[in-house]
Amino acid sequence: MSVDTPRRIVLLRHAKADWPQVSDHDRPLADRGRKDAPVAGHRLADTGITFDLALCSTATRTRETWKLAVQEMPRRPKTVYEERLYEATLGDVLALLNETPDEVNDLLVIGHNPSMHAAADALAGSGEGDAMARMAKSGFPTASFAILGFTGSWKSVEHGVGKLLDYWAPHD
């Protein structure tokens, strides 16, 4: 892969979770989350992006979101359940992106806020159309996603390197 290889990062926040008497890590999706996750998957399929890799938090709500969303996609990418995405800081997310193998062109990350929103904000040095304004207005609610593009190696991912190509939220 050359240094000018176009790449895309999609940051997907898990769908709406329930609040039963379990640990935060074990919280399942709420009814609305079980409805929104397939819609997010369908919208991701509509982008035409064929993901090479999906990194998913180990939390129950992210794994359930991914299970429902991926059923709407034409092809299931290799999936890695990544413990560091649960309670991740922006620095943790950037470190994971920097560790991505260069044979991966299109990466999907299924995680939590505030890290998904923080990563989208930090990476987006510019944006297409009104995508940045829409993302800022909505605040990155559950089941929303941001699509960022950049060129180069994953090791070069840092603040401002990307362009926010699109942003979608289920109830906007």
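**Where two helices meet**

Reply: Leu 90, Val 93, Leu 94 and Leu 97 in α3 meet Ser 115, Met 116, Ala 118, Ala 119, Ala 122 and Leu 123 in α4, where contact means heavy atoms within 4.5 Å. By class, this contact of α3 with α4 has nine nonpolar residues, one polar residue and no charged ones; Ala, Val, Leu, Ile, Met, Phe, Trp, Tyr, Cys and Pro count as nonpolar, Asp, Glu, Lys and Arg as charged, and the others, Gly among them, as polar.

This is a predicted model, in which local features need pLDDT of at least 70 and side-chain atom pairs count only at pLDDT 80 or more, while totals for chains, interfaces and linings use all residues. Residues are numbered from 1 along each chain as its sequence is written, and side-chain values use heavy atoms, with hydrogens and water left out.

Helix α3 covers residues 90–98 and helix α4 residues 115–123, and the two pack at an angle of about 65° with their axes 9 Å apart. That makes α3 roughly perpendicular to α4, since angles of 65 to 115 degrees count as roughly perpendicular, under 35 as roughly parallel, over 145 as roughly antiparallel and the rest as oblique. The axes are lines fitted to C-alpha atoms, for helices over the stretch in contact, and angles run from 0 to 180 degrees between N-to-C directions. Helices (H or I, at least four residues) and strands (E, at least two) are DSSP runs, numbered from the N terminus.

Strand β4, residues 106–111, is mostly covered, for six of its six residues are buried, meaning under 20% relative accessible area, with exposed over 50% and partly exposed in between (1.4 Å probe, protein chains only). In a regular strand the side chains alternate between the two faces of the sheet. In β4, Asp 106, Leu 108 and Ile 110 lie on one side and Leu 107, Val 109 and Gly 111 on the other, and both faces are covered.

Six bridges join strand β1 (residues 6–13) to β4, and these strands run parallel; two strands pair if DSSP finds at least two bridges between them. Within this pairing, Arg 13 stands opposite Gly 111. Strand β2 (residues 53–57) also runs parallel to β4, joined by four bridges, and here Cys 56 stands opposite Ile 110.
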